[in-house]
Amino acid sequence: MGRTILWCLSQHTCGDLVRKTLRQLVNFCLVGVVNTVIGFGTIAVAQLLFGLHPVLANIIGYAAGLTNSYLMNRAFTFSEMSHASGSAFRFVVAFVIAYGANMAVLLAGLRTFTDHVLLLQGLAMVIYTIIFFVISKIYVFRSPT
């Protein structure tokens with residue numbers, strides 16, 4: 001297997017594809033950091049300045065972060081594939097799938113590892129990120145045919 005991977009990386013096309021995918025993954029994660037700041041900032045402003053209920057503030061914050069995520073990933077991470085028709089709807093579908101996996105990992109883990117909740121949260125976030133990235137790359141921002 002190791003030889004196959006090294007051979008693949010030595011080939012121009014395969015190596016380019018791996019490098020491009022790694023660059024996109026890094027960009028996707030950077031966009032995620034920005035989304036977190038926007039989402040949390042929106043939640044804080046909604047609660048502290050406007051006195052909104054925490055649940056409503058959370059919904060508004062996540063909506064702001066998700067909107068930013070779509071726009072930035074479309075323009076920054078997957079820019080060469082971003083003009084695919086219907087990508088906004090597919091983005092929401094991808095989010096629902098990834099978030100569902102996040103919750104499944106978290107809920108399953110809470111049955112066994114109750115002393116390690118933050119570790120579970122971290123694992124669930126990693127699963128969410130990987131699934132969201134893969135679906136975004138192959139489905140949401142796919143190249144037009």
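Reader: What share of the 145 residues of the chain counts as buried, and what makes a residue buried?
Author: The share is 29%, where buried means under 20% relative accessible area with a 1.4 Å probe and protein chains only. This is a predicted model, in which local features need pLDDT of at least 70, side-chain atom pairs count only at pLDDT 80 or more, and totals for chains, interfaces and linings use all residues. Residues are numbered from 1 along each chain as its sequence is written, and side-chain values use heavy atoms, with hydrogens and water left out.

Reader: Why are H3 and H4 called oblique to each other?
Author: The axes of H3 (residues 54-77) and H4 (residues 87-110) cross at roughly 125° and come within 11 Å. Angles under 35 degrees count as roughly parallel, over 145 as roughly antiparallel, 65 to 115 as roughly perpendicular and the rest as oblique; H3 and H4 are therefore oblique.

Reader: Which residues of H3 and H4 meet?
Author: Leu-66, Ser-69, Tyr-70 and Asn-73 in H3 meet Ser-87, Ala-88, Phe-91 and Phe-95 in H4, contact being heavy atoms within 4.5 Å. These residues comprise five nonpolar, three polar and no charged.

Reader: What makes the pair Asp-16 and Arg-19 a salt bridge?
Author: The N to O distance between their side chains is 2.7 Å, and the definition asks for a side-chain nitrogen of Lys or Arg within 4 Å of a carboxyl oxygen of Asp or Glu, so the pair qualifies. The whole structure has one salt bridge.

Reader: Why is Asp-16 called partly exposed?
Author: Its relative accessible area is 30%, and partly exposed lies between buried and exposed, the latter being over 50%; Asp-16 is therefore partly exposed.

Methods
Axes fitted to C-alpha atoms, helices over the stretch in contact; angles between N-to-C directions. Helix = DSSP H or I, 4+ residues; strand = E, 2+ residues; numbered from the N terminus. Nonpolar A, V, L, I, M, F, W, Y, C, P; charged D, E, K, R; others polar.
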